[in-house]
Amino acid sequence: MPTYSIKMRASKSGKHVSGAERILPQQDISRAVSALSERALHHGLGRADFINVKIEEIQPGELQYLEALPVSARPAATVEGSYAIMRQILGELGLAAQADKLVALLRSVHPMRGAVLYDLATDRCIEPDHQRGIRVTYMDAESASATGSCKNHFREAVVLATKVVHAPGVIAELCMSDDPEYVTGYISSLRHGYVRLTPLKEVGNPHGGRIFIFDSRLADAADAINYLEKQRVLVRGLPPERPLNADPQQIFAEELARLKEKSLYRSMRTIDSPQSKYVKMRGRSVLLLASNSYLDLADDERVKQAAAQAALAWGAGSGGSRLTTGNTALHEQLENKLAQFKSTEAALLFNTGYMANVGIISALCDSESVIFSDEYNHASIIDGCRLSKARVVVYKHNDMRDLEKKLQTTAYRKGLIVSDAVFSMDGDIVDLPRLTALGKQYHVLTMIDEAHATGVIGATGKGTVEYYDYACVPDIIMGTLSKALGAEGGFACASKTIIEYLKNKARSFIFATSQAPATLAAALKALEILEAEPRRAQRLQHNVEYFLRCLHDAGVKAESPTAIVPIVIGNEAAALKVADELLQQGCLIPAIRYPTVAKGTARLRVALMSSHTEAELKRTAQLIAAAMKKYAGKQN
Ligand code: PMP
């Protein structure tokens, strides 16, 4: 089976962006080429505008196999400490007399893409072209995957170092990274292996380079250069992905670079105005179609006034946890209101919805429990399950037959079925009648997360139980104050017994300073408004229907019975482009990507508000259709 060398060089406006090479069997060529070009097109240094891929066959006899150098790490406290270690190793190689000179040379090598070839016999740098240096190519790790588009600098460095010290006449290599953020380098030799040295320079220093220490008394320089530049080499037995004692900062920096390559890097955009249907971004007013403030209450005058008054009357912070000094009449008033609103015996506040899910689930379940969890449940539910140490059985999304099958075939002493009420990335509604019936039949607790249901579904916006005409009630209703209610915080509504139990067991409740007065007052006022003005929720429900019709008319497929309207694009990079284009056009609808949703199901997640007008919704639907045509190739 023939082997091929694949080399990719990419640049942007004439400047080098990315370079990589592989040695692979024929069947891996196309996957490798595609992975390498992806890398060049999504590089942290910018999208390449020129990509050169060279593919050459390698004859069987041409390929040399080498065992990877053994790797060790010699971290030092200071740069000078690292150079002392380098000098010591040079001394052990019989180069004590030249050590100072070599170290000085390494520290002064000017940026060149290749390496210096330093000849011990003549004490001179003998690379034929000082600008270009010696470039080592035609090498790879034996088992490198064809599709590994992510550069692993460490493994690539060991491959190169292994090849270099096998070149005729080469005694050792000194290397210092030219990345200003990466202060690491190495000294390698057949005798010491690959010795990782750090720090070799201060952070921010862009200098770097490599020196091949050569002895022309042992071999001809032309032979050494020919070997380094032409010999096809596969390196076997590479160490694990990371060196020992890897610099922790570097580990994180590498992971961030990987996320960027895969279009999965996350960053924040800044909004310079209150959360309402129009927000200011960089001086521009944009239409917001992604807020959880579904009823536009975060910026409601009455809600803001209530928060301001509470801050003046009660102070800025609560000063303690609920069980110590942080329990006020406001907390209790809001809990009573929530219990009445959700028609349960009692309620308990948490600082956030996330903390509510984590606290409730980890309090109610333990290692003897089994939790039946919908595959699309929110991350905070998943984290609560993990924290509880219970066994988790994931059932197919909103598939009550699958849930029942799993209830029948799983042995448990204590059980909990937990589900989003309105699924946060898909907008669909849990089959609560069936879910609660199964809970009763199989003697397990039932819990729903109403983060996106409260204020959104049900004839007057009271949520899922109202949506199903009060025909079914779960044991625990978890919810948030941070979405339709426009404030911040989470809650559990349940029987008195469960609420008392949570007060005693839920660690995110017990060990956190309680919510601030302004937040509580804002949520109380928002609840009051929601009850007094059911038309807000009804207007939101109308907007959903209207927007779906507009999307349909514009040729965009989308469905949702709630304010969350997902428009699936698939490819992560395409979803980002569509979202960018929409922002250019004045609409803020972020792209949602893995790990929030499954890989390859990246989407626009539109969230509607009761205050959006029909004209705004119609225009948005048309803009989405146009952006998708332009960047997502075809309609979804
Ligand atoms: N559950 C669901 C379904 C959510 O979407 C969210 C927030 N995105 C939460 C819980 C967490 O709520 P909070 O933002 O109040 O912490």
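How are helices H8 and H16 oriented to each other? They are roughly parallel, a label for angles under 35 degrees. This model is predicted: local features need pLDDT of at least 70 and side-chain atom pairs pLDDT 80 or more, while totals for chains, interfaces and linings use all residues. Residues are numbered from 1 along each chain as its sequence is written, and side-chain values use heavy atoms, without hydrogens and water.

**View 1. Helices H8 and H16 cross at roughly 30°.** Here you can find H8 (residues 329-341) and H16 (residues 517-532), with axes that come within 10 Å. Axes are lines fitted to C-alpha atoms over the stretch in contact, and angles run from 0 to 180 degrees between N-to-C directions. Helices are DSSP runs (H or I, at least four residues) and strands are E runs of at least two, numbered from the N terminus. Residues in contact (heavy atoms within 4.5 Å) include Leu-330 and Phe-341 in H8 and Pro-517 and Leu-530 in H16.

**View 2. Two prolines follow cis peptide bonds.** Thr-198 and Pro-199 are joined with omega about 0°, and Pro-199 sits in the loop between strands S11 and S12. For Tyr-594 and Pro-595, omega is about 5°. Most peptide bonds are trans.

Technical notes: Parallel < 35°, antiparallel > 145°, perpendicular 65-115°, else oblique.
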